[in-house]
Each structure stands twice: as structure tokens, then as C-alpha cells.
Amino acid sequence: MKPLLPLACAVAAFFIARHFRPAGTLTTPTPPVFEASMSRDVPRGLERRARRLADLEAGSPAALERLYRSGNHSDWELLAVVRRSAESDPEGTWQWIEEQSLNTNDRRLFRQTVALAWFPQDPVGLLSRLNPTDYNDWQIAGNLIGLLASDDPASAAAARNHLDEIVAAGALRLGSSGLPLSGEQGGEILLALPPGPSRDLLVQQYAIDWLARDASAAQAWMANLSPAQRNKVMAEFSPQAIRRQGAAGALAASWIRNEAPPALKAKLGPDLVDWMLDEYPQAGSKPAFSWATENLSAAPLATAMGKLVARHFSSEPDHARQMVEELPSGNLRHQAAMDVANFWAASDPESAVNWWLGTVDPAEAAKSGYSSPAYQLGLEWFGSDPDSIRARLADPEQPPLPMSLATPALREWMKAQPAATLEWVDTLPAERRGSFTELALRELSWQDPAAAAGLFDQRSGTAPPSAAGSIAGSWYRRDQDAAIQWAGTLPPGPARDAALAKLKSAADFDVQLGATFPDDLRKILE
Amino acid sequence: MLVPLAAWWGYRAPIPAKDQGEATLPVPSPPSPALETAANLAGETLDSLLRQLGEAALGPERNDGQKLRIRLICARLAELDPVAGLEWIAKQNPDFSWDLRHPLLMEWALLDSRAAWNFIPEGPEGDRDRQAVTALLLHEDPEIFMEWFRRVRQPMPDGSPAWLKIAERFPDELLTIAGELLEQDSNPARPRCASFYQLLARFCAGKDPAGTLEWSMTLPSSVRTLALAGVMESWAGTDPRAAWQHLISLERGPGGFDMSRFDNLGIGERILAGIAREDPAAAMKAFIDAREKSSDLSRSGINAMRSVIGPAVASGKMSAVDAYRLLDSAKGTASILPLNVLDRIWFGTRPDLLETAARDISAQPDAMHRGTALRGIMAAWMKSDPDAAIGFAASLEDGRARSQMLAGVIGEVTGGGVDPDRQVDRFAMIPPEYLAGTYVAIATRSGQPVAGGRPGMFVDREASPDRIASLLSAAPASPDLNRAVGIAALKWGELDPSAALEWAGTLADPGARNAAYSAAIDGWSYHDPMAAAAWIGNADAGPCRDAATASLIRRLGTSDPAAAWEWTATIGEPALQSEQRVETLRAWSRQSPGDAQEAFQSYVGSLPPAQAAEFTRRYTAK
């Protein structure tokens, strides 16, 4: 027993001494205190790393679940486990991913990893899980297309055998980017695929992408395609390419001019006009103008003419305006007037609007809605000079503007300062006040119907009764009960009638969709 | 002697000195590449390790084995001489920071946090190193991670389990840091540190959801929504029904939360999907109840039901007709659900189940969403067996159901996206007697196409109007055909009026021919009435010219009623002429009553008394 005593003392000394060990060995301590250290009871250094990496050698959905929940591994570390798990149980791994609240990137990466492991084992199983309306699954389908060039003969054969399903799953929705192929070598692989619509689509997409990168090389390779396929490629390629300068744009321009079918030539004609104006600035607008009038009619001519006069306006504004004024009535003139006015409004919105109002038919100026010309001009005016539109709206000497034109400005002011805007509306000339009050309250009612109703109540003598209808209508969409209750509190008169009529119309519409007419509203209407 | 030696050994600093010698590792069983590689590396010298690191790292592409070796060498270098390792890496290639420098610094930090921190120089590059190492430490050791994180304050939390561990260990400190960051944030409206509150709420809600909800409501508004989202995320996993009730109550409570934020964050979807997995009908009811009270959670409802109902039908757990009935039960504003779900849940369903689904649903009364369901089934079926799908649809005796289902032929999603030519190919597979009706159903889905307006689907995307025109030319005469050629000619007339009018002239059926002329001129005259008028001026007299003239007159009526009035005289067919005169005078009188009255008087003065009386009666009739 005697030799054991010093040994026991030594062991005790070892452990006691450990408690007095310094936190670190630095000679120049920094202000922050580093106190944390890993327990010596757990492996450290190489051993720790080896054990943690060995954990990642597992490969099953259950292991994946355990490792993920541990929080001990980064997502890119877990990717290897996902791959291994997918090799042994792809469906279970896929299902595990579906059930997790992963962030978008991890989810995409994990699913792609499983898909590539699953496909060689059970192509039908994987393809049946891909959703052709899901962007992320298009990427997976694109990855599967890439297997056509795989070194693994089994994967490549599976991709060839299931080409139709892969393409149908959206493989080309994102272009041919899934293909690790380029140039003639890639083209040869694709041309060797079994004939059919999927091969045609793939070849076309490959050619389109190649044309965008290297127009002349791709064009030479396209000699391998049938005339119908070449046409199809150019029909798909040209709408984007014609908006670019350089070789791609020139190729598209030439095709549109000389080879495009009539309907496509008409559709792309306005873009060709734009391209010509950009490509040959020294020639002015004459060549483009001649081409447009000789080759286009109806809607395409109207669009092209708008582009031409708007460009012309920048150098010769008087002549451009005169050109518009001399155009025959109809959308041909309206479109051109709109394009010029929009361009002009950036520098002098009031003059632009005055000219536009005098140039287009009254029915065109009165059009309403977000996409109406008046609304767009109002937006431009408000954007370039909000003070001047405010002054113009308040000036009793000036003729009134179409409501669509005033709407964007009023909408923005109401968003920022509803009370101040309503005060300003109260100062407008009497004949404008009513419609602007209604518009302002209607705008507010979309954001805060209760507040709009309160402001209406405060102005019950001056606000137009129809405003009550607007408020009730938008409130009903957010809170039926509150809207009905408010309408019921309005005193008998046109405002109450307007509110109830609007509520009845909204409820009737809902009934058409299968809803029940609200009892409270029925009682009030009775 | 033994006791002092043992005491020194125990006191000794944990970082092994250079040439520490062989580390002992357990022999792996079964063999593990990581443990085996580590066992081999344990005996290597510094020089040998650096040589091996170069071999593994400097190659053109790293395989899994090389990546594993690199990580283990970094761990061993941290034990032996991290400074030498880092200097070697810097000499080889400064770009190796991500995969060599940062892992080595991280391994060093795990052994001696302060030494690793102090080694990194001050300045922007050092800041980047510290941020990267901190991010790596997140998964390694909560204590050491927090030492770095207190100073670096990066990365921002997310919902990963590693962050939940940190939240569990340091809830108060994270809250303090979040508060400090909130004060300093340059975007007070949407501060980046809101994710701290989301994390903490998520963590705390796992233990006390109601209490955490209360706490979240006391937070500043800029971070409150994300904190509430954290609570709901957690609650969705344990009691989705309770979570939904509380979510909805947020909108109706004081302050009225904007539900669209929760909709965009996918919170509502997660909760509803949780309910739907247990009981789809309960999820529907929850959504409908909320919708009636105006909750803006439409995306949540649509995505949740798509993700649950689709797989349930595909796997046979739920019959298609039950799914249809359930979704169709959403009425009023909740009908947004069937409208957006019934067309998208069929893609994974087997063809035999699709046929059953189509048979059962087409036998249902023609409710609002039957068409959506049949169209969706058709689109999915076209993918696997278009002939069978079209054959089945064409065999349906209910004409309305037949049109609804056939309209799905162009809904098939193809590899190239919406391919107009492929759509026309599919459309051409429809038996000729049903072509016109199907075309009308497709083209009017988004409303009646008008000149200058947005056309319906298919019409807009169709790149070759001549192909559609040629198919319609072969269809038998019917009221549907007249409508179909009218829509086709209108849009073609806007694009290429000469071609459209040429086609109109080839139509065999007189009614269809008139409809096509009228529509083509309508499309043309919207843009360029002068050119359209010139064409009519050169056209041969007859019913087609009259139909075209009537279109021009209607168009001119709003912009130039005087010219329109003159054109009425050129219509040969008396009844049509009289009708157009009445319409033009009415339009004119709205713009210029005096001129209209003068024209009226002049015209009736030129008529025999009986005709004048009849015209006056028609004009003045309401």
C-alpha cells in the first residue's frame, strides 16, 4: 500500500492545481475580459473536431433530425448529412425537409441535394414530387437537365429517359442554366437526344441563351436546326434582344425586319423603332419614322409613333407637338400626346398638362383608374413639382383638372398629413371642394375607415353625401359590423341613403358569391 | 518529486506547446474517416501538417476527403502553433481566409479565446475576420460565442436551433444587446435587431406562450410585430388553433395590427397548415371566420390549403370531391380560397384519380368554383395523357362542365413556361364542334376583351393569330363561333388589321363573317379611325361593309359625332342604318345637344312622315 500513497497525493495535487490554473497565457491583456473556456472534461482541439466531424458521417433522416436539433452544426456541415441520408432514404429525407421551418436558402439547397441523390435511384419517385408551379422545383428540374452531361452513365441515361417529365417539371423555366455545357460540344449532346418536343424545347432554349452570349457563334451553330426551329428561336430571342445594343440587338433587328412572321413583326415593331433611334442617332428619326409608317398600323403604329415623337420632343419640342396635333384622332394621337406630355412633364408639368388637355379628346382626358393617362400625368406632376399642382388645384382662375389627374397628389398628401390636407381641401373653390372632400375621405377610408367616418361626421354639413357611401363601402370590406353600425347612426337624409345603398350593394355582391346577407343591415334597410 | 510534478502538470496551460507530440485518440469502431484521419494527424509535426494542408488546399478542386483533412489540420494546428499556421496561410494565398484562416482562428478561439481575438488586427479586415469567426463559433460553444458576439454584434439571429440554445443560455443579455442596438439603429422604423426580439419571443413562447405574447405587446412598435411573429411561430408548432385565435385577436384588439405583415412572414400559413393537417375543415372554418372579419391573411390561407389539400388528394387520403366541396364552401370574401387553390392542387394526382375527380366534380351543381376545379384537373391531366383528358371532357353531357373543363387544355405548365405555340397545339386537339365555345371560355376568363384594354389570357400571349383563325375557320356555325371570331378579330385587328380583315372575308358562315369584320374594324378604329374609314370607303357594299361601318360609327361617336353621323348614311341595310343613327344622335346630344338636335331635325325633315314619326319615336324612347 505504501507506494500508493504518493501516487494518491500526486493525483490529488494534479486536480487541486487545475483549479489554480490561469485563464490564459497572454502577457498583454485587452480591456474585454475573456473568461470562457471549454471544460477539460470534454474533448478539445483535434479530438473534438474529429468527433464532431465523425457525427456528420451519419446518414439517415433520424440522424439528420438529431444533428439539426443539436444546433452544433452549421447548415453547410449538415448538407453532407443530407446527401448521405438521401442516398439511403431519399423519400424520408425529402419529407424531413418538408416538415422543417428552414430558411429559404437552406431549404432550396437541401432539396436540391436530395433530388440529385434520389433521381438515379428512383426518377419517377422524385419527379412525382416536383411541383411544376414552384420556382424552387424549376431549379431542381434544371439540375436534372444538367445530368445529361453527367460522367455517371446511369444518371445521364436516367435524364435522357425521363426528359419529357423533367422538361414538364419546369426545367427550362429559368433558361438552360442547369446545363453544364457550352458551345458546339453542348449543342452536339442536345442534338443527339431522342427527337421530340422536349428535345426541341431544350435545343431552342440552349440556342437562345447562347445567342445572348455570343450571337455570331450561336448563329453559325443554328444552321443545324430546321428553318421552323430557327424561326422559333428567333421569335423567343428577339423580344429581349431588340432592347439591347450590340450584336444581339442587331441580329434581332435584322430578323424582325426581314424574316419575322407578320404578327410578330407588328408586335415587335415599336421596339425595333426604339432600337433604330438608339443605333443610328445621327440619322435622326426619319428612317425609323419611315419604317414604322410603311410597316405598322393600328396599335403597333400608335406605340411606335409615341416613341418617335417623344424622342423628337427632346430636340425639337415645337415640331414634335405639331406632329401630334396633326395626327388623326384616336389612340394614334392619344398615345403620342401622352408620351410627349409625360416627357415634358418632367421639366414643366403644368404646361405639359395644359397642352395634353387641349390635344386629346375629352373622353380620353376623363378616363379614370390607375392606368389612365390623366392619373399617370398627375403622378408625374406630383413627382416633379408637388407645390405647383397644389397651387393649380386651388387657383379659381384656372379651369378644373380631371379628377384622375388630381388623385395621385391628393392620395399622397392624405397618406402623409390627412388632417392638414382636409383643412386645405376646405379652402378650395366651392365648386371643387365637394369632389375633393369626397376623394380625400375615400382615400383615408382605405387606411382608417373609422377616422374617415369621424371626419365626415365633423363635416356633415359640407361634405358631399356620396362621401358617406365611399366610406361605408370601404369600411364594409374591412369590418362589416362597424360599417353597418356607423351607417345606422347617420341621420336620415342623402348621406345615410348613400351609405346604406353602398352597403346593400356590397352585401348583395357577397350574396352572389354565396355569403349571407347581414341581418343588422337588413333590419336597418327595413 | 511525483507530487510537485503532478501539480505542475495539472496547473499547466491547456494549449499544448509546439511539438507537443502525439495526441491520443480512441480507435474508431466502426471505422470513421474523421477519427482515422485525426488519429493519423495527431502524430504529425508542424511542418508535415503544413505540407499536407498545402496538398489538400491548393489543388484545383477539393473532394470531401480533402475538405475533411483541412478541417482536422486546422484543429491540430490550433493546438500546436496557430500563429505559424496562420502565417503560412497568409503566405500561400490571402484568399484562403474563408476556408482556412477563419476555421483555424475559430479552432484557436475554442482553445484560447483571448489569444485568437488579440491576434486579429484592428481595422476593417480584422472586423471581417472577427465577424466570420463569430459566425463559426455559433455552432461550437455558447460561452465562447457570446464572448465574441458581445463585441462583434454579428451575425443577427435567425430561427436556427443554435440560436435557440444561445437564447436559452443568455436571454437577459440578448435582450440588453437588442435594446442597445435598437437605440443605435439607423433605420428606427425597421431595425435589424428586431430579429433578436423574434428569437427571444420564440424561445420564451415555447415555455409560456400567453405570457410571452403579453410581453411582446409591451415592446416598441418597430420590433413588436417580429416579436409577435416569434410567439406565433412557436405556438404554431404546439397548439395551432390557440395560435390562430390569438393572431386574429391581435387585429381586433387595441391598436389593430396589420395582418398583412404576418401574412408576408408566412406566420398565418404555418398556423393554418398546422390546423389543416389535423382537420382541413377546421382550417377552412378558421380562415372563413377570420375573412368575414376582414383579416388580410389571404396568402396564408391559400398557401396552407395548397400545401395540405393537394398532397391529401394525391395520396388518396382525401377524395377529390370532398376537397372540392370543402373549398367551395368558402363564400363571400373567403372565396379567394377556392379561386386560388382549386386550380393548383391536382398536379401530383395520378391520372386514374384525376378521371374520378373530373367525373365526380362535373356531376356537382354548377357552383361558382366548379369551373376552376375542372380547369385545374384538365391542366394536370394534360400533362400525363392529353388524349384521354380531352376525350373525357368532350364526352361530358353537361355542356357547361364540358366548356369549363376543356378551357384547361392550355393550362398545362410546360418546360418553357407559357409557350403560345404549344398552347395552340393543345387547343387544336379539341374536337371542332367544341373549339369556339372553349375559345370564348378561355378568352373571356378575365372579362370581355375590348379594344385598347387588356385582353383575356391566351389572346394576349398568342403569337400566331393566324393559327387560331384557321382553327376557328373550320368550326361549325354557332352563336359561340360568332363570339369567338369576334374576339379573335378584335385583337388581330388591333395588331394587323389588313390580315384580320382578309381572314374575315374567308369565313364561310355569314354571321361569323359579319362578326369578324365588325370586330376587326373596331380594333383598328380604336387606334386609327381614319385608316379604318379609308378601308371601309374602298370596300364593296354589302352586309360585311355595313357591319364594319357600324363599328366605325360607334367608335367615332365619342370622339367625332358629326363624322359618325355622316357615316351612318353609308349603311345600306335600313334597319341597321336607323339603329346607328339613333345611337349616334344620342351620343352626340350628350356632347353637343344643339348640333345633335339640328342634325335630327334635318334628317327627319328629309323622311316621309311615317318614317319620320317612327324614327322620332325610337330616338326619344328611353
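Contact here is taken as C-beta atoms, placed from the backbone, lying within 7 Å. Helices are DSSP runs (H or I, at least four residues), numbered from the N terminus. The model is predicted, with pLDDT of at least 70 required for local features and pLDDT 80 or more for side-chain atom pairs, while totals for chains, interfaces and linings use all residues. Residues are numbered from 1 along each chain as its sequence is written, and chains are lettered from A and ligands numbered from 1 in the order in which they are written.

Helix α13 of chain B covers residues 209-217, and Pro209(B), Thr212(B), Leu213(B) and Ser216(B) are buried in this helix. They lie on the same side of α13(B), because they cover an arc of only 105 degrees around the axis. The arc is that of the directions from the helix axis to the C-beta atoms. An α-helix has 3.6 residues a turn, so residues three or four places apart point the same way. Ala210(B), Gly211(B) and Glu214(B), on the other side of α13(B), are exposed. A residue is buried with 20 or more other C-beta atoms within 10 Å of its own, exposed with 12 or fewer, and partly exposed in between.

Gly605(B), in helix α36 (residues 593-606) of chain B, counts as exposed because it has 8 C-beta neighbours inside 10 Å. Between Gly605(B) and Asp419(B) there are 186 residues in sequence and 59 Å in space, C-alpha to C-alpha.

Two helix pairs of chain A were also examined. Helices α27 (residues 430-447) and α28 (residues 449-458) of chain A pack with axes 6 Å apart at an angle of about 150 degrees. Axes are lines fitted to C-alpha atoms, for helices over the stretch in contact, and angles run from 0 to 180 degrees between N-to-C directions. α27(A) is therefore roughly antiparallel to α28(A), a term for angles over 145 degrees. Leu441(A), Leu444(A) and Ser445(A) of α27(A) meet Pro449(A), Ala451(A), Ala452(A), Leu455(A) and Phe456(A) of α28(A).

The axes of α19 (residues 317-326) and α20 (residues 331-345) of chain A come within 8 Å and cross at roughly 155 degrees, so α19(A) is roughly antiparallel to α20(A). The contact involves Ala320(A), Arg321(A) and Val324(A) of α19(A), and Arg333(A), Ala336(A), Ala337(A) and Val340(A) of α20(A).

Terms used. Angles under 35 degrees count as roughly parallel, over 145 as roughly antiparallel, 65 to 115 as roughly perpendicular and the rest as oblique. Two residues are in contact if their C-beta atoms, placed from the backbone, lie within 7 Å.
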